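Here is a short tour to follow with the structure open beside you.

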Amino acid sequence: MKAVILAGGYGKRLRPLTDDKPKPLVEVAGKPIIEWQIHWLRSFGITSFFVLAGYKKEALIEWISKNQQRLNVSIATLTEEEPLGTGGAIRRLKDFISDDFIVINGDILTNIDINKMVLKDCIVAIALVPLRSPYGIVTIDENGKIIRFVEKPLLKEYWINAGVYKMKPEVFEYLPEKGDIEKITFPSLAEKGLLKGVTYENVYWRSIDTIKDYEEASVEVPEVFKKL
């Protein structure tokens with residue numbers, strides 16, 4: 001199975017960390033995000049990767065050329081001169097992929113089990129994780145007395161897109177030449193009953209969107225991924 005890493009975003013909210021590099025090269029706990037992702041996917045036997053690059057693509061190409069042999073993987077890089085959106089970027093792989101494949105956003109760190117993502121009666125399976133509250137929660141009793149404080153709990157009645165997808169090659173028929181899978185492809189597949197959500201509880205998942213995400217993940221990741 002092959003994996004596709006979407007690495008074209010600008011990472012504006014991570015500046016100045018992304019002033020000279022794309023988000024996948026931002027180092028978390030001593031390793032770039034993309035390296036943590038490769039270690040995670042290699043644990044499932046994936047050794048062939050496509051990296052879809054845009055912003056600061058030269059830095060990504062250079063890192064890949066220096067490190068793919070060390071990581072014992074094969075990485076092909078596709079670049080774009082203008083933003084094509086996630087759908088347009090993936091669509092360019094139509095002639096290179098003929099089996100089921102994994103797609104991940106280039107700014108996430110997770111340890112979810114991709115083997116749970118079974119493509120039965122669907123074309124795409126989306127990994128879903130519980131929403132984490134951005135704020136601490138206060139619990140009170142019937143008299144208004146505070147019982148406890150809970151720091152940023154998981155809101156398990158709400159599920160969010162984890163940015164990890166398993167796709168059949170038939171998905172290329174639904175991909176736009178320019179545009180995002182989240183806005184175009186997924187709604188179309190959902191209408192046809194060809195989109196499935198796979199829920200994950202008690203897993204690690206973090207999207208590195210802000211400096212605060214980066215700081216918190218730098219503390220969490222060494223423990224979560226110590227076996228990798």
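## E80 and its surroundings

A polar atom of the E80 side chain sits 3.3 Å from the backbone nitrogen of L84. Please keep in mind that this is a predicted model.

**More about E80**

- You will find E80 in the loop that runs between strand 5 and helix 3 (85-91).
- E80 is buried but takes part in no salt bridge. Its nearest side chain of opposite charge belongs to R92, 4.7 Å away.
- Apart from neighbours within four places in sequence, the contacts of E80 are A53, G54, K57, A89 and R92.
- One of those contacts, K57, is also among the buried residues of helix 2.

- Which residues of helix 2 (residues 57-67) are buried? They are K57, L60, W63, I64 and N67.
- These residues lie on the same side of helix 2, because they cover an arc of only 125 degrees around the axis.
- As a reminder, an α-helix has 3.6 residues a turn, so residues three or four places apart point the same way.
- What do the buried residues of helix 2 pack against? Their partners are strand 1 (2-7), strand 3 (31-32), helix 1 (33-42), strand 4 (48-53) and strand 5 (74-79).
- On the face turned away from the buried side, helix 2 carries the exposed residues E58, S65 and K66.
- I61 also belongs to helix 2, and with a relative accessible area of 38% it is partly exposed.
- Not counting residues up to four places away in sequence, I61 touches T77 and T79.
- Between I61 and G9 there are 15 Å in space, C-alpha to C-alpha, and the two are 52 residues apart in sequence.

**Strand 4 and its partners**

- Strand 4 is mostly covered, with five of its six residues buried.
- Strand 4 pairs with strand 1 in the parallel sense, over six bridges. In this pairing, A7 stands opposite A53 of strand 4.
- Strand 4 also pairs with strand 5, again in the parallel sense and over six bridges. Here F50 stands opposite A76 of strand 5.

**Salt bridges**

- How many salt bridges are there? The count comes to 10.
- Side chains of opposite charge can pair when their charged atoms come close.
- K21 and D20 form one of these salt bridges, at 3.2 Å from N to O. K21 is partly exposed, with a relative accessible area of 26%.
- K178 and E82 form another, also given as 3.2 Å from N to O. This pair links distant parts of the chain, 96 residues apart: K178 is in the loop between strand 11 (154-167) and helix 4 (181-191), and E82 is in the loop between strand 5 and helix 3.
- K178 counts as exposed at 52% relative accessibility, whereas E82 counts as partly exposed at 46%.
- R206 and E216 meet in a salt bridge of 2.9 Å, N to O. R206 is in strand 13 (residues 205-207) and E216 in helix 5 (residues 211-224), 10 residues apart.
- Is R206 buried or exposed? At 13% relative accessibility, R206 counts as buried, while E216 is partly exposed at 25%.
- Salt bridges with shared partners join R206, D213, E216 and E220 into one network.

**Two loop residues with positive phi**

- Most residues other than glycine have a negative phi.
- D121 has a positive phi, near 60 degrees, and is not a glycine. D121 lies in the loop between strand 7 (108-110) and strand 8 (124-132), and is exposed, with a relative accessible area of 63%.
- N202, not a glycine either, has a positive phi of about 55 degrees. Its place is in the loop between strand 12 (195-199) and strand 13, and N202 is exposed, with a relative accessible area of 72%.

Key. Residues numbered from 1 in each chain as written. Predicted model: local features only at pLDDT ≥ 70, side-chain atom pairs only at ≥ 80, totals over all residues. Heavy atoms only, no water. Buried < 20%, exposed > 50% of the residue type's maximum accessible area, 1.4 Å probe, protein only. Helix = DSSP H or I, 4+ residues; strand = E, 2+ residues; numbered from the N terminus. Arc of directions from axis to C-beta. Contact = heavy atoms within 4.5 Å. Lys, Arg positive; Asp, Glu negative; His and termini not counted. Salt bridge = Lys/Arg side-chain N within 4 Å of Asp/Glu carboxyl O. Polar contact = N/O pair within 3.5 Å; in protein donor to acceptor, adjacent residues only side chain to side chain. Pairing = 2+ DSSP bridges.
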